[in-house]
Amino acid sequence: EKMGIFQGKKMKTKIIVIVGPTAVGKTALAIEVAKRFGGEVVSGDSQQVYRGLDIGTAKASPEEQAVVPHHLIDVREVTESYSAFDFVSEAKAAIEDIQSRGKLAIIAGGTGLYIQSLLEGYHLGGETPHEEILAYRTSLEPYSDEELAHLVEQAGLEIPQFNRRRAMRALEIAHFGQDLENQESPYEPLIICLDDERSQLYERINRRVDLMFEAGLLDEAKWLFDHYPDVQAAKGIGYKELFPYFRGEQTLEEASESLKQATRRFAKRQLTWFRNRMQVTFYQIGEPDVQDRILSQIEEFLDD
């Protein structure tokens, strides 16, 4: 009898999404969640798709990947490009595959644009120019809340309880026409955002960069510099900052410092994105019992 309510309304797929700035511990948590709830991890990262770029992208190690299956890692050659559009189509296919085997899909990564595009249900058929939508969205990013509110007003749009996410969505719909309106996401996500006290986070980032150098980052970056200096993959943080050193324009120490600084700035931008653009539950990783609290929130969400 209970089934009656759901007839004609497709049940949404529950997925767990783990986001947060670089070096905050997303991979470790994703693996823990996967082990606990019978899940598989889908990488939500624009750089981990590239074969051969392992250290600078902080890919899950072969040992970690052996513990639980990982998807969307090593799916492109460094010479190939990769976009939010590619991510959405491939992540959807991965989630369906995981589902079909009765497993839980866990999206983990720090590329906000990709993850948001997946969750907001842009359909991949139809007439909508997805690359253009994403380019338009990126163009709205630098606007302050006030400026966005002004644009919304100019467009004659009404937004109950104004926030950035709603404002940008409304502007996109106005800009591209109503065919965006009814694209409902097939997912019901629980979005967990890991964060840490700023000075702690920066310390973690600096330490991670040092460990990357110990693990052989220089060789990886030099290979990219020698063979493919102009590809999209070479523009990622972790590689391009070392190119001035290879060209003899900086000392290794200067290049390493500039990599740390670029990574810290990137972490700040990531946090801004997750705070303003996605509905997330924040967890401070420095707090006691934080992992237990996350796991029990996930358990409630899945049982609900």
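Me: Which residue is the bridge partner of Ile192 in strand 6?
Reply: The partner of Ile192 there is Thr281, where strands are DSSP runs of E with at least two residues, numbered from the N terminus. This is a predicted model, in which local features need pLDDT of at least 70 and side-chain atom pairs count only at pLDDT 80 or more, while totals for chains, interfaces and linings use all residues. Residues are numbered from 1 along each chain as its sequence is written, and side-chain values use heavy atoms, with hydrogens and water left out.

Me: How many bridges pair strand 5 and strand 6?
Reply: Strand 5 pairs with strand 6 (residues 281-284) in the parallel sense over 4 bridges, pairing being counted when DSSP finds at least two bridges between two strands. Strand 1 (residues 13-19) also runs parallel to strand 5, joined to it by 7 bridges, and Ile15 has Pro189 as its bridge partner in strand 5.

Me: Why is strand 5 largely enclosed?
Reply: Strand 5 (residues 187-195) is largely enclosed by the rest of the structure because 7 of its 9 residues are buried, meaning under 20% relative accessible area with a 1.4 Å probe, protein chains only.

Me: Now Lys59, where is that?
Reply: Lys59 sits in the loop between strand 2 (39-43) and helix 2 (62-67), helices being DSSP runs of H or I with at least four residues. Lys59 counts as buried because its relative accessibility is 11%.

Me: Which side chain makes a polar contact with the side chain of Lys59?
Reply: That is the side chain of Asp54, at 2.8 Å; a polar contact is a pair of N or O atoms within 3.5 Å, and within protein one must be able to donate a hydrogen and the other to accept it, with residues adjacent in sequence counting only if both atoms are side-chain atoms. A polar atom of the Lys59 side chain also lies 2.6 Å from the backbone oxygen of Tyr50.

Methods: Buried means under 20% relative accessible area, exposed over 50%, partly exposed in between (1.4 Å probe, protein chains only).
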